[in-house]
Amino acid sequence: MTKRILLALIPLIFLLAAVAIQFFPKPSQKAGILPPATVYHQSGETASVEKPCSNEHPEWRQAQVIDGVKIDEALSCEPDNPYDVAVAVKGVNNVSMATLMQSGLSEDALTLTDDLDGDGDPDIIRIKLEIVELNGATPEGDFLINTYDIAPGIQPGLWVFAPKSRGMALKNFNSAVANPLLRAPSPTIRVEQGDKVYITLENTHYLPHTIHLHGVDHPFQTAAGEDNDGMDDHPVFPGKSHTYELQPRHAGTMFYHCHVQTAQHMMMGLNGMFVIEENHPDNWVQTFNIGAGQVRHPSVSVKKSYSREYDLYYQSVDKKLARIIQNANDPRLIANRMSRGYNMTDSVENYFMLNGHSLPYTLRDAMIVVAENEDIKLRIANAQRSSVAIHFHGHKAAITAYDGVEQPAGSQLTRDVFDIAPAQRLDLHLKTKNDGLNSYGPGLWMFHDHVATGTTTDGMEPGGNMAILAYKPLLDEQGMPKMHGDLLSQLFNKDYYAKKQAVWPEGDFAQLLGEAGLIAPDTLRLIIFGLAAGLMTGLLIFIALVYRRKQNL
Ligand SMILES: [Cu+2]
């Protein structure tokens with residue numbers, strides 16, 4: 001064979017190679033129209049499905065009196081420890097040792113003394129707050145510690161203010177789960193108008209922080225001439241403490257937050273609601289509402305006009321920011337990555353929480369529970385980076401206060417969407433009168449942020465800050481809404497937020513809208529590939545043989 005013919009074969013080989021690449025077969029191909037459905041199976045992994053309500057402390061839900069403190073019935077599945085509530089009302093110095101031992105608070109977390117105005121309640125309030133990291137890295141090994149799930153399997157790194165507690169930061173020796181006092185959001189703090197309040201920040205964290213009393217009447221400096229506004233030029237360094245002093249003259253729903261590298265530290269969770277209750281005789285207010293939610297010992301003025309009160313606290317998290325404390329445990333690296341590496345103008349909100357939880361955990365402790373013909377007081381604060389537009393299904397409510405300033409009765413707007421800019425607060429009066437305006441009647445009515453991202457968890461919807469305004473008869477004996485069981489087992493499952501479940505996992509919709517599945521490979525494609533690849537290989541072998549024979553000649 002001549003050299004010329006051999007050379008002419010080379011472009012042919014390239015051509016065949018191009019054809020073969022073009023028709024490279026896939027083991028299967030994407031289905032077209034009417035594919036066979038494949039229903040999602042959990043591959044025997046049942047552990048990822050959780051019970052909707054753990055029902056760990058059913059006795060905590062009951063109405064009770066502890067050391068003379070009347071504690072209302074908790075209406076949803078995960079109530080606060082009533083002994084913590086009793087201590088939050090009376091202070092550690094006015095409860096029995098037995099009560100203090102059943103609460104998780106430390107012996108100096110809250111001291112209430114001196115009835116200065118002689119009206120039957122204490123007026124000098126000493127509060128101690130610590131700073132706690134949740135879901136952070138540990139030098140002990142490759143795991144997170146003080147874990148706190150905002151939804152099944154979702155553990156963003158968070159920082160919170162916490163009332164000074166005692167004992168282990170974990171639930172028990174066999175667990176990495178944070179004890180129930182250490183959670184998001186930072187506690188709602190309640191004091192009475194005119195109280196002399198001393199808030200000591202004991203910085204138990206590895207970075208500097210402060211407390212800024214946003215909207216709360218406080219002098220610019222303490223009596224000793226020290227910082228009292230909590231700005232970043234007066235950081236409280238790790239291991240140090242600082243006491244802020246105030247005697248608020250104005251009642252209302254306010255806010256508090258760290259003011260060091262404010263954008264980042266706010267988004268990490270260092271903020272909470274600060275409520276100043278009107279001064280009334282015998283007004284022992286609940287100083288801490290752990291994790292916000294139902295106030296189990298409402299103030300005198302709230303009880304006068306309302307059947308129940310809820311603190312609703314909205315927060316969002318950027319998972320990139322949250323991950324910084326999970327990828328390092330050297331404070332220098334964390335400080336640098338957070339304030340030099342991380343760019344807030346590139347931030348994205350991935351997780352949206354109401355009272356420290358995202359759906360479905362909001363059903364455990366962030367529901368609003370009502371009966372017909374009640375008056376409910378809602379205090380809403382927006383600690384997100386973005387605005388919220390809170391919408392109640394089946395109800396309209398009246399705005400009684402903006403940023404802690406009472407509206408005159410004639411100008412209280414009644415609406416069904418409440419836009420709240422970052423750091424703003426609204427007080428709402430929700431009536432459950434079934435008149436087609438205030439309420440459309442009993443139900444398990446959703447309430448959620450109507451900004452499209454707010455109802456998602458890292459893009460998964462339903463998720464985010466969705467919760468339920470539930471009428472009591474529609475709750476089961478554990479305080480969970482009597483909802484479609486399939487929906488609950490779908491949501492109380494790590495696989496859901498890990499995006500491993502099919503969109504419509506069960507029933508007829510699984511056939512119609514389930515996984516598209518896979519079908520057999522395209523035969524024509526296989527034949528063309530086979531021919532092209534075969535011819536090419538044959539030609540290469542042929543050329544090699546010819547060449548070898550020429551060499552031998
Ligand atoms: Cu801070």
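This is a predicted model: local features need pLDDT of at least 70, side-chain atom pairs count only at pLDDT 80 or more; totals for chains, interfaces and linings use all residues.
1. Start with the outline. The C-alpha trace spans about 120 × 55 × 45 Å along its principal axes. For 553 residues, a compact globule would have a radius of gyration near 24 Å, yet this protein comes out at 31 Å.

2. You can look for 12 helices and 29 strands in the protein. Of its 553 residues, 42% are buried. Take the contacts between residues at least 6 apart in sequence: 70% of them join residues at least 24 apart.

3. Now the annotation. An unreviewed UniProt entry puts "domain: Plastocyanin-like" on residues 184-279 and 343-452. Over residues 184-279, the chain is 6% helix and 35% strand, with the end C-alpha atoms 29 Å apart. Over residues 343-452, the figures are 4% helix and 43% strand, and the end C-alpha atoms sit 24 Å apart.

4. Helix α2 deserves a look of its own. Is it buried or exposed? In α2 (residues 82-90), 9 of the 9 residues are buried, so the helix is largely enclosed by the rest of the structure. The buried residues include P82, Y83 and D84 at one end of the list, and V89 and K90 at the other.

5. What covers those buried residues of α2? The cover includes strands β2 (64-66), β3 (69-71) and β4 (110-113), along with helix α3 (97-102) and strand β15 (288-289).

6. Finally, check what comes just after α2: G91 takes a positive phi of about 85 degrees there.

Notes. Residues are numbered from 1 along each chain as its sequence is written. UniProt positions are given in the numbering used here, feature names are shortened, and annotations may be inferred rather than shown by experiment. Helices (H or I, at least four residues) and strands (E, at least two) are DSSP runs, numbered from the N terminus. The radius of gyration is taken over C-alpha atoms; the globule rule is 2.2 Å times the number of residues to the power 0.38. A residue is buried if 20 or more other C-beta atoms lie within 10 Å of its own, exposed if 12 or fewer, and partly exposed in between; C-beta atoms are placed from the backbone. Two residues are in contact if their C-beta atoms, placed from the backbone, lie within 7 Å.
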